[in-house]
Amino acid sequence: VNSMWPAEDSLHGQSSAVVVWREDMKTAIADATNFHAALAVASFYKANAHRNSPASSSLLLDGLRHKVSSIASVRRRLQNDPSDLSLLPAILALGGAEFYAGNHQATILHLEAAKHITNAAGGLGKLTENVRNLIGIADTVTSWRLLRRTVFPVEDWDPGPWDKQSLRSEE
């Protein structure tokens, strides 16, 4: 692959995405709830992408095992703190796992749970940029794919002035 597209060029051209990915992975690795959720969504995605593969059923079982572990942890933690913002990446990943498993109603349920926690914390403006972006992507893709309104009202998505945007190109 390097002979067709050097990896260094990809990393250089996508530096903002790589930085976000690295931060997300640090969060996932440091927290068992997020880690299991990330493994669940990855397993279901891969099983969906390789539906006709002999490995598909093994991937589905792995995804289910990680999903159950993450959901149990999310429930325990929400009982202790119903507005635990650190759970949002796990909840969104679990929604993604359900999306790839074809359980779209559960995907919407996870988005609604993320909205409930976000509203309890004071709205999208109280979240980190990374988490706001995760929510925006998950909600938009789900809305587009299922041909339905977003769970989070679009009126809430005010990214602020252009010169304060982290993804704008420097001139």
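The model is predicted, so local features need pLDDT of at least 70 and side-chain atom pairs count only at pLDDT 80 or more, while totals for chains, interfaces and linings use all residues. Residues are numbered from 1 along each chain as its sequence is written, and side-chain values use heavy atoms, with hydrogens and water left out. Helices are DSSP runs (H or I, at least four residues), numbered from the N terminus.

**Helix H6**
- At 1.5 Å a residue, the 18 residues of H6 should span 26 Å, and the end C-alpha atoms are 26 Å apart, which agrees. The expected span is 1.5 Å times one less than the number of residues.
- Buried residues of H6 include Ala 106, His 110, Ala 114 and Ile 117. Buried means under 20% relative accessible area, exposed means over 50%, and partly exposed lies in between (1.4 Å probe, protein chains only).
- The buried residues of H6 pack against H4, H5 and H7.
- Leu 109 also lies in H6. Leu 109 counts as exposed because its relative accessibility is 54%.
- The C-alpha atoms of Leu 109 and Ile 91 are separated by 9.7 Å. These two residues are 18 residues apart along the chain.
- Gly 122 follows H6 and has a positive phi, near 115°.

**Where H6 meets H7**
- The axes of H6 (residues 104-121) and H7 (residues 129-146) come within 11 Å and cross at roughly 145°. Axes are lines fitted to C-alpha atoms, for helices over the stretch in contact, and angles run from 0 to 180 degrees between N-to-C directions.
- His 104, Thr 107, Ile 108, Leu 111 and Thr 118 of H6 meet Ile 135, Ala 138, Asp 139, Thr 142 and Leu 146 of H7. Contact means heavy atoms within 4.5 Å.

**Helix H4**
- H4 has 25 residues and reaches 36 Å from its first C-alpha to its last, close to the 36 Å expected.
- Among the buried residues of H4 are Leu 59, Gly 63, His 66 and Val 74.
- The buried residues of H4 pack against helix H3 (32-49) and H5.

**Asp 84 in a loop**
- Asp 84 sits in the loop between H4 (56-80) and H5 (88-101).
- Asp 84 counts as buried because its relative accessibility is 14%.
- Not counting residues up to four places away in sequence, Asp 84 touches Arg 77 and Ile 117.

How values were computed:
Helix = DSSP H or I, 4+ residues; strand = E, 2+ residues; numbered from the N terminus.
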